[in-house]
Amino acid sequence: MSDSNKWDTIVIGGGIMGSWTAVQLLRAGVEKVLLLEKFPLPHTRGSSHGATRICRFGYPQDHQTILARDSLQDWFWLQQESGQQIIRETPLLWTADAKNEHEMTHALANIKNLCPQARVRVFEDPAVTSISQEFPQLTFPSEICASAMLDNSAYVLMADKITSLLRTWICQHGGVIKDGMEVQGIQVDGNEDVAVETQGQSQKFHAKTLVICAGAWAKPFLEMAGVGTLPLQPVKIQVAYFQEKPGQKHPHLSQIHESSKYNCNWSIPSIEYPGLVKFGPHQGPAINPDARDAVDAEGELKKLREFVAETCQALDPTPKIVETCMYTAPDSNWDLLSEKSWPLGLKEEKFLTNCQPCLLQDLHNLSSKQLAEKFRSMWYLSEYVHIETCKKNTTSRAMLKDEIPPV
Ligand SMILES: Cc1cc2nc3c(=O)[nH]c(=O)nc-3n(C[C@H](O)[C@H](O)[C@H](O)COP(=O)(O)OP(=O)(O)OC[C@H]3O[C@@H](n4cnc5c(N)ncnc54)[C@H](O)[C@@H]3O)c2cc1C
């Protein structure tokens, strides 16, 4: 085997997850890191494209809040390292109807307990009146808004800029990115060697460790690598941009809304396209990631249009731009790390216990030898195992506090 085909770690997937993973490996001192991406970069076929993402601390489950909170230092690290603005303070308004307000209540408790420095406040009852006094352009009927909170400690991340900066950093620090290089096979052998076959087996790479960050495409790789079948079902997310009416301004807020009438949606203020406010649903139709455009997501788009027409007086409710993205699993599927979600083999070993902090804790407590044995030579990382962009780098870093599994 030629030396140029031997690596310490191979990362599959050049989205935000794979890019951060490669950066964190290099920061941790791993020397030979290869990132393989099937499409020429940058591309818009996965989950990470688009100019912006919300970074928030209010999550219904405490481990999500902890991960989001702890990842902040890495976003600021990247901002300082690159000299580019990648993170912008942007308040977040969360509204919910009576049936869905419990999520917000849990999120609020988590922010207060785990991020005591966060600046968050609840709107006085009746929430709809308090909101329209402060933001006259927002007109929520009480049937869809029983409670509301404003998180002044939320951010918007400049997503496309970030992935591009991470890739540059990787190349400047000794990592290698090969794009247009589709991984087609994985073989994990007993000697802690992983063989990765690309493009019709014409090229084979070997590594001690493999990290799968293939997003919506992750499931078959896990099966190939012998990890088993995880309940990952990619869904199509259609994002719509609504224009401010002439002479009117939509408030400079991100939003999350949950109600029986409109399901769950989010929005990001006019940061990427001047005068256009971005809205997206948290749910969408199930898809095959290679045929995502064949599936109609008009139902979710219609709900967004109706939501904008009813609640956002400064916006024209006909979207000017519609873009497509994917979630690796439905957004409600927070708990892929719960035991019941995992393949039997792992469950029986009690390696992965109830939730994410346990996973991190276990990884901290395991020696590198145990870690290598448990995962053989493979770590598995994927979108909803490490849940959202803002938390992923934390997770990678936490894992890397332990030694890299030995050869
Ligand atoms: C519309 C939308 C809005 C979102 N908003 C937020 C938000 O506000 N806040 C937040 O935190 N998160 C948000 N998310 C979620 C976040 O964007 C995703 O969690 C994140 O982008 C997932 O990144 P990833 O690297 O796992 O997946 P991807 O970006 O899809 O990367 C996976 C990569 O693997 C590559 N790949 C697949 N198969 C192969 C192969 N065989 N060989 C080589 N490479 C392969 C793919 O081409 C792809 O580039 C949003 C997602 C969407 C779609």
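The following legends describe several close-up views of a predicted model.

In this predicted model, local features need pLDDT of at least 70 and side-chain atom pairs count only at pLDDT 80 or more, whereas totals for chains, interfaces and linings use all residues. Residues are numbered from 1 along each chain as its sequence is written, and side-chain values use heavy atoms, with hydrogens and water left out.

**Figure 1. The chain as a whole contains 11 helices and 18 strands.** Helices (H or I, at least four residues) and strands (E, at least two) are DSSP runs, numbered from the N terminus. Of the 407 residues in the chain, 56% are buried; buried means under 20% relative accessible area, exposed over 50%, and partly exposed in between (1.4 Å probe, protein chains only). Among contacts (heavy atoms within 4.5 Å) with a separation of 6 or more, 74% are between residues 24 or more positions apart. The chain exposes about 16300 Å², of which carbon and sulfur atoms supply 50%; accessible areas come from the Shrake-Rupley method with a 1.4 Å probe, and for residues only the protein chains shown count as cover.

**Figure 2. Three strands form an open antiparallel sheet in the order β3-β8-β4.** Strands β3 (52–55) and β4 (87–89) stand at the edges, each with a single partner strand, so one side of each has no neighbour in the sheet. Two strands pair if DSSP finds at least two bridges between them. From one strand to the next, the twist averages 30°. Strand β4 is joined by 3 bridges to the antiparallel strand β8 (residues 155–158), where Leu157 is the bridge partner of Ile87. Helix α5 (residues 159–172) packs on the sheet and touches β3 and β8, its direction making about 50° with that of β8. Axes are lines fitted to C-alpha atoms, for helices over the stretch in contact, and angles run from 0 to 180 degrees between N-to-C directions.

**Figure 3. Thr52 lies in strand β3 and is buried, at 1% relative accessibility.** Its C-alpha atom is separated by 6.4 Å from that of Val156, a residue 104 positions away along the chain. Leaving aside neighbours within four places in sequence, the residues in contact with Thr52 include Val156, Leu157, Met158 and Ala159. Glu272 and Lys278 are also among the contacts of Thr52. The side chains of Thr52 and Glu272 make a polar contact (2.3 Å), a term for a pair of N or O atoms within 3.5 Å; within protein, one must be able to donate a hydrogen and the other to accept it, and residues adjacent in sequence count only if both atoms are side-chain atoms.

**Figure 4. Glu272 forms a salt bridge with Lys278.** A salt bridge is a side-chain nitrogen of Lys or Arg within 4 Å of a carboxyl oxygen of Asp or Glu. The closest N and O atoms of Glu272 and Lys278 are 3.1 Å apart. Glu272 counts as buried at 17% relative accessibility, and Lys278 is buried at 4%.

**Figure 5. Lys261 and Glu310 form a salt bridge, with the closest N and O atoms 3.0 Å apart.** Because Lys261 lies in the loop between β14 (254–259) and β15 (263–268) and Glu310 in helix α7 (residues 298–311), the pair ties together parts that are 49 residues apart in sequence. Lys261 is partly exposed, with a relative accessible area of 35%, and Glu310 is partly exposed, with 25%.
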